[in-house]
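Have a look at the structure, then read on.

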Amino acid sequence: MIHLETVSSHQQLTITPPVSGVSLQGRIRIPGDKSISHRALMLGAIAQGETIIEGLLLGEDPRSTAACFSAMGAKISELNETEVRVEGIGLGNLQEPDNVLDAGNSGTTMRLMLGLLASSPGKFFAVTGDHSLRSRPMSRVVNPLKEMGAQIWGKKGNTLAPLAIQGQQLKGIHYHSPIASAQVKSCVLLAGLLADSPTTVTEPALSRDHSERMLRAFGAHLTIDPESNSVTLEPRPTLIGQKVIVPGDISSAAFWLVAAAITPDSDLTIENVGINPTRTGILEALELMGADIALENVREVAGEPVADLRVKYSQLKGCTIGGAIIPRLIDEIPILAVAACFATGTTLIKDAEELRVKESDRLAVMATELTKMGAKVIEHPDGLEIAGGVTLQGAETDSYTDHRIAMSLAIAALNAQGATQIYRAEAASISYPTFVETLTGVCQAG
Ligand code: S3P
């Protein structure tokens, strides 16, 4: 039913659901949170002393972060299957690397790291990434960094990687970000660590706050004003290595939440999922659609809220999603589009133009690939309109090398009639190296 093969040096995943259907049963664990994993590696690298990270995501994106910071002097080693040790070099001590820093496919690596590079006086850095990352906008971080006094050059008028950075003593600024982006906010805050005065970032809606939580845990002083979505960082803290426990990634859990919600007779529990309120938009959206999701064993682990999520099948209904919830479910919109195909009525996703500059243009790609499967999707400049209730048909699809597209199409394929091929399915290993294994383990023939 689930078959992986190599086609033209890529992996092709073929999913052929049995005519009697499948259901998803049991208890599963998902890999560590990608956003928290990047931050733990970076803060561990620039702190004094040892950081132990438990549950780090061992996907390709955090491996890019680890490789970049190893090249700048941090010692990062896998102690065992669950623990990674980072020997920090201390704030301001990044070494000039011998070669170009390669962020691979990872926007978080590149954008957050730029804040630390730009604020390293006297040192020169060159940064690049893969084909997708080299086409993603960097002006959103280059502009505020330049306002702080950074010297950065890049392709297309300093807007695209490869980028060259000559580190400088930066000044603190109050940056009013035009977009709600945790990558922008975190880049400016990290640059502010060595600035000459406090740095404030104000964003139009609250984006994920993992940087704020972890900077505090490592010893930085931050003031947060929830009324104005502003955060102020005092410069030159003493950052001390910590024990970080990374919860499961709700963005990875989302595939199973939707899979079980749309697949008859399913009853699945996903253990140890991070439920930071800046990330739980997917739970609210699915509940609005009538999903049956229970939060069990809610607890706090190392400064982040965590729960087990039990999800059972129920008939979903269409809904409208837009506004301030969007940054809280930005990475889950492709899988939400799949949920919408199985709901009654129409689902409208709006205010989500940011999806056009992710690892792929996720609005265009989801509209194209779901349409190939027979879905009724209208692509809008800022979102998608999906008329649910049409039975999907197996089709030849492509991930466009985007991990979240590959996994979203796999979940759609589980409930389609006939076989679906997903070309370039290896992209899943960016954030979820064991996705196909879990998919195989969790599905039971009806
Ligand atoms: C991330 C922030 C989000 C998200 C990305 C990870 C982060 O990007 O889409 O996958 O770890 O800060 P934006 O900040 O660009 O919205």
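How many Å apart do the C-alpha centres of domain 1 and domain 2 lie? The answer is 29 Å.

1. Ground rules. This is a predicted model, with local features needing pLDDT of at least 70 and side-chain atom pairs counted only at pLDDT 80 or more, while totals for chains, interfaces and linings use all residues. Numbering runs from 1 along each chain as its sequence is written, and side-chain values use heavy atoms, with hydrogens and water left out.

2. Domains. The protein splits into domain 1 (2-32 + 247-445) and domain 2 (34-245), with bounds from an automatic or database domain assignment. Domain 1 puts 28 residues into the contact and domain 2 puts in 26 residues; contact here means heavy atoms within 4.5 Å.

3. Who surrounds the ligand. Going by a heavy atom within 4 Å, the shell is Lys 34, Ser 35, Arg 39, Thr 108, Ser 181, Ala 182, Gln 183, Arg 208, Ile 330, Asp 331 and Lys 358.

4. Helices at the site. Both α1 and α6 (182-192) supply at least two shell residues, and α1 gives the most, with three residues. Helices are DSSP runs (H or I, at least four residues), numbered from the N terminus.

5. Ser 35 has a polar side-chain atom 2.7 Å from a ligand oxygen. For Arg 39 the corresponding distance is 2.6 Å, and a side-chain N or O atom of Asp 331 also sits 2.6 Å from a ligand oxygen. On its own the ligand exposes 380 Å², and the protein buries 96% of that; areas are Shrake-Rupley values with a 1.4 Å probe.

6. A closer look at Ser 35. This residue belongs to helix α1 (residues 34-46). Why does Ser 35 count as buried? Because its relative accessibility is 7%, and buried means under 20% (protein chains only). Its side chain makes a polar contact of 2.8 Å with the side chain of Arg 208. A polar contact is a pair of N or O atoms within 3.5 Å; within protein, one must be able to donate a hydrogen and the other to accept it, and residues adjacent in sequence count only if both atoms are side-chain atoms. Beyond its neighbours within four places in sequence, Ser 35 touches Arg 208, His 210 and Arg 279.

Note on methods:
Buried means under 20% relative accessible area, exposed over 50%, partly exposed in between (1.4 Å probe, protein chains only).
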